[in-house]
Amino acid sequence: MKLNTTKKIKYSKTKSSFRFQKFNILLLMACVLMISCNKDDTATTEMKPAIVETVTDISNVTVTLPEATGKELVTTNCIICHSLRYIEMQPDFPKKTWDKTVKKMVKTYGAPISDTMVVNQIVDYLVAVKGKK
Ligand code: HEC
């Protein structure tokens with residue numbers, strides 16, 4: 001009886017290792033297939049024209065904010081972190097939106113404008129040049 005069990009185990013071991021080998025061969029075939037498919041992909045990518053990049057020199061970007069009361073405050077306070085293009089490229093906003101934007105610059109991003117008078121003057125300027133009635 002005892003011998004019989006050992007034999008059984010041995011048999012099942014060889015069977016499973018054979019199965020494993022079969023699986024390995026399948027895996028290898030799948031890999032080869034994937035690699036060959038990949039090669040085809042690279043071939044088609046190489047056929048595509050190269051992407052042409054246009055590099056913009058930041059010093060060539062000119063911003064012309066309109067003249068109005070408070071422009072000086074905007075140009076000095078709002079250029080610390082980003083270009084004034086951020087203001088120029090915005091659409092016309094109602095006063096409420098500009099107020100929210102300027103307060104976001106102060107509260108969220110940390111623009112060092114502690115004087116509410118200055119904040120109001122900046123908002124007034126923004127409404128004057130990019131305001132929506
Ligand atoms: C402490 C740094 C800082 C200062 C000073 C600052 N900003 Fe900003 N501003 C930011 C950051 C950060 C963003 C977000 C950039 C992004 O989303 O790519 C931003 C974005 C903006 C935008 C784009 C729209 C938006 O709401 O994100 C506008 C308009 C703007 N700022 C206006 C101003 C004005 C007006 C002032 C002057 C009162 C100012 N900023 C000062 C940091 C600052």
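Helices here are DSSP runs of H or I with at least four residues, strands are DSSP runs of E with at least two, and both are numbered from the N terminus. By that rule the chain has five helices and zero strands. Along the sequence the pattern reads α-α-α-α-α.

This is a predicted model, in which local features need pLDDT of at least 70, side-chain atom pairs count only at pLDDT 80 or more, and totals for chains, interfaces and linings use all residues. Residues are numbered from 1 along each chain as its sequence is written.

Start with burial. A residue is buried if 20 or more other C-beta atoms lie within 10 Å of its own, exposed if 12 or fewer, and partly exposed in between, with C-beta atoms placed from the backbone. Of the 133 residues of the chain, 8% count as buried.

Now look for the largest nonpolar core. Such a core is a set of buried Ala, Val, Leu, Ile, Met, Phe, Trp, Tyr and Cys residues joined through C-beta atoms within 7 Å. The largest one has eleven residues, among them Val74, Cys78, Trp98, Met105 and Val123. Helices α4 and α5 (116-130) each supply at least two of its residues. α5 gives the most, with five.

Follow α5 next. The expected span of a helix is 1.5 Å times one less than its number of residues. The 15 residues of α5 should therefore span 21 Å, and the end C-alpha atoms are 20 Å apart, which agrees. The buried residues of α5 are Ile122, Val123, Tyr125, Leu126 and Val127. Their cover includes α2 (71-77), α3 and α4.

Zoom in on Val123, in helix α5. Why is Val123 called buried? Because 22 other C-beta atoms lie within 10 Å. Two residues are in contact if their C-beta atoms, placed from the backbone, lie within 7 Å. Leaving aside neighbours within four places in sequence, Val123 is in contact with Lys95, Trp98, Asp99 and Val102. Val123 and Trp98 are 25 residues apart along the chain, yet their C-alpha atoms are separated by 6.0 Å.

A residue counts as near a molecule if its C-beta atom, placed from the backbone, lies within 6 Å of it. Of the 15 residues around the ligand, Cys78, Cys81, Met105, Tyr109 and Ala111 come nearest. α3 (85-88) and α4 (95-107) each supply at least two residues of this shell. α4 gives the most, with three.
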